[in-house]
Amino acid sequence: MMGNRGGALHNSHREIVRSYKSRRWIACVLQFRGRYRKVMSEGRYTELFFLDEATSFAAGHRPCAECRRERYNAFRHAWWRLSKQERPPFADEMDLELHPARIDRGKKVTYEAALRSLPDGVFVCIEGCAHLVWRDELLLWTPEGYARKCCPEDSMVTVLTPRPIVECFRDGYVPEIHASWHGL
């Protein structure tokens, strides 16, 4: 998957100079309507790449409303059920609530929770490594895919996925997971 954080994070030398430009952090498909982009084009948004949808959610991104409309609508409706508002939220409304749950004073927001209380699709940090909670197991994340699984004991863990997204998972939104987990 590919995503962005609302604009250019790089300078004219293609060096990353900021962690985000705006609160609109989205996750997109790699190919859409034959569009082509040169990575880190000057003055254009900086492309970010993710192993899968669960990884993009852990980074604080939500589905793009244009190239991932079906997933966006499913996420939006999960958010709506939780908010109990009269209508589904617009992207800006979700982003406004998501932003302080993902970053605070330049640092990633995390929180502690009991491992067994977390729904599938959530990323946690255990001994400095990112793991995906999936089907009563933990899958070790690597850039190439999930490397191994283990059956964890219930314990307190550091949750990497922002809390509003965790609540959408708890409400039934299931993130797409990279196929590498099948071989474990």
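Trainee: Is R24 buried, exposed or partly exposed?

Mentor: This is a predicted model, in which local features need pLDDT of at least 70 and side-chain atom pairs count only at pLDDT 80 or more, while totals for chains, interfaces and linings use all residues. Residues are numbered from 1 along each chain as its sequence is written, and side-chain values use heavy atoms, with hydrogens and water left out. Buried means under 20% relative accessible area, exposed over 50%, and partly exposed in between (1.4 Å probe, protein chains only). The relative accessibility of R24 is 35%, so this residue counts as partly exposed.

Trainee: With which residue does R24 meet in a salt bridge?

Mentor: A salt bridge is a side-chain nitrogen of Lys or Arg within 4 Å of a carboxyl oxygen of Asp or Glu. For R24 the N to O distance is 2.2 Å, and the partner is D92.

Trainee: Why does this pair tie together parts that are apart in sequence, and by how many residues?

Mentor: Helices (H or I, at least four residues) and strands (E, at least two) are DSSP runs, numbered from the N terminus. R24 lies in the loop between β1 (2-4) and β2 (26-28), whereas D92 belongs to helix α3 (residues 91-102), so the parts they tie together are apart by 68 residues.

Trainee: Which residue meets D95 in a salt bridge, and are the two buried or exposed?

Mentor: The partner of D95 is R62, with an N to O distance of 2.7 Å. D95 is in helix α3 and R62 in strand β4 (residues 62-63), 33 residues apart. Both D95 and R62 are buried.

Trainee: In what order do the four strands of the open sheet lie?

Mentor: Strands of a sheet pair through backbone hydrogen bonds, either parallel or antiparallel. Two strands pair if DSSP finds at least two bridges between them. Here β1 and β2 run antiparallel and are joined by three bridges, and the edge strands, each pairing on one side only, are β3 (48-49) and β4. The pairing in this open sheet is mixed, and the order is β3-β1-β2-β4.

Trainee: Which residue in the turn of the hairpin of β8 and β9 has a positive phi?

Mentor: Strand β8 (residues 123-126) and strand β9 (residues 129-134) pair in the antiparallel sense over four bridges, and I126 has C129 as its bridge partner in β9. Two residues lie between the strands of this hairpin, and the one with a positive phi, about 50°, is E127.

Trainee: Within what arc do the buried residues of α2 fall?

Mentor: Helix α2 (residues 69-83) reaches 20 Å from its first C-alpha to its last, close to the 21 Å expected; that expected span is 1.5 Å times one less than its number of residues. Its buried residues are R71, Y72, F75, R76, A78 and W79. The arc is that of the directions from the helix axis to the C-beta atoms. Seen down the axis of α2, the buried residues line one face of the helix, because they fall within an arc of 160°.
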